[in-house]
Amino acid sequence: MVGIGAQTKENILPSLLQIPDVQIVAACDMSLERAEEVKKYIRDVQVFRDVATMIDCMGPDALVLACPPQAHRDISLLAIERGIHVFVEKPPCFTLSELKDMIDAAARKRVVTAVGLNFRFARPIQHLRKIAASEKFGRPVHIQINHYASKPRAPMWGLSSTLRSFLLAQTIHSIDLTTAFGKDDVTDVRSSVQHGSDAMLARIDLSFSSGRSASILTGSMFPYFEFDMKVVSDKSNMITLDNLWNITLHDAEIANQVVGGDKRWRNAWQPGPLDSGYVRSGYFGELTGFFHAIRTGGRFEADFESMIPTFQVIEQVCAAEVQPGVVAPPSLRVIAEFQRSVANG
């Protein structure tokens, strides 16, 4: 493990300890005192302040990182070059260009990569995706996400842009989820950003090659974190997710069968009273999937390459920040990359 901060101690480490046949052999942090804290849970773990030294001494099969994005980028390239599988918390890096360098390096060395996007693996989201993939539900044609937050309101990680910091820290989850409902490409990105005294409000509208669309309302101009999501199908069915907890299926067929003209019937689902741990939040699922991909030689669902559409959107939204409040034109680069993808089959 690299980076023994709050995310590692509160979510990553407890999840790793629940996965069978995973042995944590070393902990690395610039603060040796923080690294030593892992010994509270694993007595014989070795601690280091330097990643290269840790790799040389321990020869791990995989690294799990929870660091700033520049460290994710640099340490991933270091580990990949030595043939070590890599899991990094989001965001994996700052830019699309950096991401592509990491993808190329991983492809050359044939290692498994992963990005920690726990929303995608949260139990309610998994349940929602299963419903949306069913023939009875129909083909998803629109996804609407409201992703409210109160921070960050200032640039992070040495960046000069608060918008890029916010998108990488928060909205990366929502953009990723819009891409998780099909294997189609993003063909158009339109966005607008409103700025308050120290906060912002952003609307992002996406079009995909299959014809489906997505809309995200996000920003730091809210009192606290809220998240809700709707998926609409071509069979007039709809799923709603409230705060990563309650799922409601609005089924047109059931509504039409109800006597008396009452069309507001719906089916609801929510996690059980005891379902509140790392499975529900997605941390256990993402890490389990990463190690399963290593063991089977397969590809992890949320690997570096899967992040290309998300970073294309982030780049386009940031480009629109040059003229705040002005609707951005379609991204020629995104469209060009889509056309090349189609040409290559």
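## A guided reading of the predicted model

Thr171 is buried, with a relative accessible area of 0% (buried means under 20%, exposed over 50% and partly exposed in between, with a 1.4 Å probe and protein chains only). This is a predicted model, in which local features need pLDDT of at least 70 and side-chain atom pairs count only at pLDDT 80 or more, while totals for chains, interfaces and linings use all residues. Residues are numbered from 1 along each chain as its sequence is written, and side-chain values use heavy atoms, with hydrogens and water left out.

Thr171 belongs to helix 8 (residues 162-179); helices (H or I, at least four residues) and strands (E, at least two) are DSSP runs, numbered from the N terminus. When neighbours within four places in sequence are left aside, Thr171 is in contact with His147, Phe166, Ile204, Ile216 and Thr218, where contact means heavy atoms within 4.5 Å.

The next element to trace is the sheet. Strands of a sheet pair through backbone hydrogen bonds, either parallel or antiparallel. Here, eight strands form an open sheet in the order 7-8-9-6-10-11-12-13, with mixed pairing; two strands pair if DSSP finds at least two bridges between them. Strand 7 (186-195) and strand 13 (267-269) stand at the edges with a single partner strand each, so one side of each is left without a neighbour in the sheet. On average, neighbouring strands of this sheet are turned by 10° against each other, direction ignored.

Strand 12 (residues 246-250) pairs with strand 13 in the antiparallel sense over three bridges. Within this pairing, Thr248 has Ala268 of strand 13 as its bridge partner, and Leu249 has Asn267 of strand 13. Strand 12 is also joined to strand 11 by five bridges, and these two strands run antiparallel; there, Ile239 stands opposite Leu249 of strand 12. The hairpin of strand 11 and strand 12 has three residues between the strands, and in this hairpin Asn243 takes a positive phi near 55°. Strand 12 is mostly covered, four of its five residues being buried.

Helix 7 (residues 123-132) lies across strand 6 (140-148), strand 10 (226-233), strand 11 (238-242), strand 12 and strand 13, and runs at about 175° to strand 11. For such angles, axes are lines fitted to C-alpha atoms, for helices over the stretch in contact, and the angles run from 0 to 180 degrees between N-to-C directions.

The remaining subject is helix packing. Two packed helices are described by the angle between their axes and the distance between the axes. Helix 4 (residues 69-81) and helix 5 pack at an angle of about 15°, with their axes 9 Å apart. That makes helix 4 roughly parallel to helix 5 (angles under 35 degrees count as roughly parallel, over 145 as roughly antiparallel, 65 to 115 as roughly perpendicular and the rest as oblique). Among the residues that make the contact are Leu77 and Ile80 of helix 4 and Met102 and Ala105 of helix 5. By class, the contact of helix 4 with helix 5 has five nonpolar, two polar and five charged residues (Ala, Val, Leu, Ile, Met, Phe, Trp, Tyr, Cys and Pro count as nonpolar, Asp, Glu, Lys and Arg as charged, and the others, Gly among them, as polar).

Helix 5 (residues 96-109) also packs with helix 12 (residues 308-320), at an angle of about 160° and with their axes 9 Å apart. Helix 5 and helix 12 are therefore roughly antiparallel to each other. Leu96, Leu99 and Ile103 of helix 5 meet Ile308, Phe311, Gln312 and Glu315 of helix 12. The residues of this contact of helix 5 with helix 12 divide into five nonpolar, one polar and one charged.
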